[in-house]
Amino acid sequence: MDDRDLYSGLIRLHILHHACEDEIFGAGIIEELGRHGYRLSPGTLYPLLHGLEEKGYLRSSEERNGRQKRRIYRATPNGRRVLNAAKGKVQELFSELFEE
């Protein structure tokens, strides 16, 4: 089994979590996910971000910093609601995984 398929839902939740805390952008979230052991390329990350945006969990806008422009993502109210619902499911799963 390709473990990327196994982790893709966790990565999406991680992205949504950070977008609920503050605005995110591609390179920054790649770095943040890397600190948690996930190695994503832009070619993997951006389809995830676009998918979350299409579902209405994220909203993006373009910001300029001098000559550079950057796409910034923020969680929507629906994204916050979905993340809160997912927290219960994740907590239940973790309880089962680490049950003694």
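What follows is a short chat about salt bridges, rings and surface.

Modeller: Quick caveat first: this is a predicted model, where local features need pLDDT of at least 70 and side-chain atom pairs count only at pLDDT 80 or more, while totals for chains, interfaces and linings use all residues. Residues are numbered from 1 along each chain as its sequence is written, and side-chain values use heavy atoms, with hydrogens and water left out.

Colleague: How many salt bridges does a search of the whole structure find?

Modeller: Side chains of opposite charge can pair when their charged atoms come close. The cut-off here is a side-chain nitrogen of Lys or Arg within 4 Å of a carboxyl oxygen of Asp or Glu. Searching the whole structure that way gives six.

Colleague: Which parts of the chain does the salt bridge between Glu 23 and Arg 74 link?

Modeller: Their side chains meet at 2.7 Å, N to O. The two residues are 51 apart, so to speak, in distant parts of the chain: Glu 23 is in the loop between helix H1 (3-21) and strand S1 (24-25), and Arg 74 is in strand S3 (residues 68-75). Helices (H or I, at least four residues) and strands (E, at least two) are DSSP runs, numbered from the N terminus.

Colleague: Is Glu 32 buried or exposed?

Modeller: Glu 32 is found in helix H2, and its salt bridge partner is Arg 35, with the closest N and O atoms 2.4 Å apart. The two are three residues apart in H2 (residues 26-35), so about one helical turn separates them. Arg 35 is exposed at 56% relative accessible area. With buried meaning under 20% relative accessible area, exposed over 50% and partly exposed in between (1.4 Å probe, protein chains only), Glu 32 at 14% counts as buried.

Colleague: And Lys 69 with Glu 62, how far apart are N and O there?

Modeller: Lys 69 is exposed, with a relative accessible area of 51%. Glu 62 is partly exposed at 47%. Their side chains still meet in a salt bridge, and the N to O distance is 3.8 Å.

Colleague: On to rings: what kind of aromatic pair do Tyr 7 and Tyr 38 make?

Modeller: The search finds two aromatic pairs. Rings of Phe, Tyr and Trp (its six-membered ring) pair if their centres lie within 6.5 Å, and planes under 30 degrees apart count as stacked, over 60 as edge-to-face and the rest as tilted. For Tyr 7 and Tyr 38 the centres are 6.3 Å apart and the planes are at 70°, so the pair is edge-to-face.

Colleague: Which residue's charged end sits over the ring of Phe 25?

Modeller: The test wants NZ of Lys or CZ of Arg within 6 Å of the ring centre and within 35 degrees of the ring normal. Here the charged end is 3.6 Å from the centre of the Phe 25 ring, and it belongs to Arg 70.

Colleague: Last one: how much accessible area does the nonpolar patch on the surface have together?

Modeller: Patches take residues with over 30% relative accessible area and no salt bridge, joining like charges within 9 Å and nonpolar side chains (Val, Leu, Ile, Met, Phe, Trp, Tyr) within 5 Å. Areas come from the Shrake-Rupley method with a 1.4 Å probe, and for residues only the protein chains shown count as cover. Phe 94, in helix H4 (residues 77-97), is partly exposed at 42%. Leu 93, Phe 94, Leu 97 and Phe 98 form the patch, and together they have about 440 Å².
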